[in-house]
Amino acid sequence: MVCILGIEGSANKIGVGIVRDGEVLANPRRTFCASPGEGFRPTETAIHHRQHIVGLVLEALKQAKVQDPSEEIDGIAYTKGPGMGAPLQVGAIVARMLSQMWNKPILPVNHCVGHIEMGRLITGAENPVVLYVSGGNTQVISYSDHCYRIFGETIDIAVGNCLDRFARVLRLSNDPSPGQNIEIMARGGKKLYNLSYIVKGMDISLSGILSKIESEAQKLIKYGEYTAEDLCFSLQETVFAMLVEITERAMAHNGSNEVLIVGGVGCNLRLQQMMGIMAEERGAKLYATDERFCIDNGAMIAQAGWHMARSGVRAEIEECTTTQRFRTDQVEVVWRD
């Protein structure tokens, strides 16, 4: 048996997970929430993570019923990147400390690969086309020849960032997340506001769509042309349709009959519904998870670390740094055939 403790802290969530041979034993996390109308800043987020990380490690060990970590934990995984610099460093420092305290190997994990491996574990998807959608990333991915290859992506901002920034315009709460509050409001929307639909081959562009709706929102609401719910609905429908299109194109290229949605925005039930309709029409199957595993969490880092440990991947402690830019296709996926 191989038991890995994973630490995730690349954005506004700090989490510690413990995974043993495909079983999630613990997965506590804490979220830093900024005031309505504001985003989370690196310095404040890192302070939040430092305040909670030790307690989360102890909580995870208790949940997993680990009595002696030096005997029962086989490795320490942490998020190397991508992400925000200051928050990432909190997880890396604690990972290096635990590695030395317990004399265990340390495993630097790509955040995006962590999402994919957790999605595969929880859903049982074998070789799906992956739509990875989060606050910092938007990618369509498929595995080939020991690499998660990016078929298409955003050429500017990520879909989660787009939704979050519009939530700030409407001054929606950041608790539990601005994207979730956009989703709730969108359910009450009935009137579609026409927005640009920007698909460029396999890539999408979101910054122009966001600029348009940001600049027009207050005027449209003030004069009663559209409600805030209508605008949330319109933004979601337009952007999600773009995501479904490029995902379907990747599935057609690969001849795939599986699609997996991962990342924080993957919790969105409307996105899952739209993707499910497309998959059904293609005779394919949709795989998705709920907020326990879609949203950034320590268990996903532990699961990727578990694969790395079983494949003999090791890193010297001097190599265990962080980077804000670490592409999915830079990782050698040695654990898959």
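Q: How do you know that E2 and strand E3 (residues 23-26) pair?
A: Two strands count as paired if DSSP finds at least two bridges between them. E2 and E3 have three bridges, in the antiparallel sense, with arginine 20 standing opposite glutamate 23 in E3. Strands here are DSSP runs of E, at least two residues long, and helices are runs of H or I, at least four, both numbered from the N terminus.

This is a predicted model, where local features need pLDDT of at least 70 and side-chain atom pairs count only at pLDDT 80 or more, while totals for chains, interfaces and linings use all residues. Residues are numbered from 1 along each chain as its sequence is written, and side-chain values use heavy atoms, with hydrogens and water left out.

Q: What sits between E2 and E3 in their hairpin?
A: Two residues, and aspartate 21 in that hairpin takes a positive phi near 45°.

Q: What makes E1 (residues 3-8) a partner of E2?
A: Six bridges join E1 to E2, and the two run antiparallel. Isoleucine 4, for one, has valine 19 of E2 as its bridge partner. A hairpin of four residues connects E1 to E2.

Q: How many bridges link E2 to strand E4 (residues 29-31)?
A: Three, again in the antiparallel sense. Glycine 15 stands opposite arginine 29 in E4.

Q: Why is E2 (residues 13-20) called largely enclosed?
A: Buried means under 20% relative accessible area (exposed is over 50%, partly exposed in between; 1.4 Å probe, protein chains only). Seven of the eight residues of E2 are buried, so the rest of the structure largely encloses this strand.
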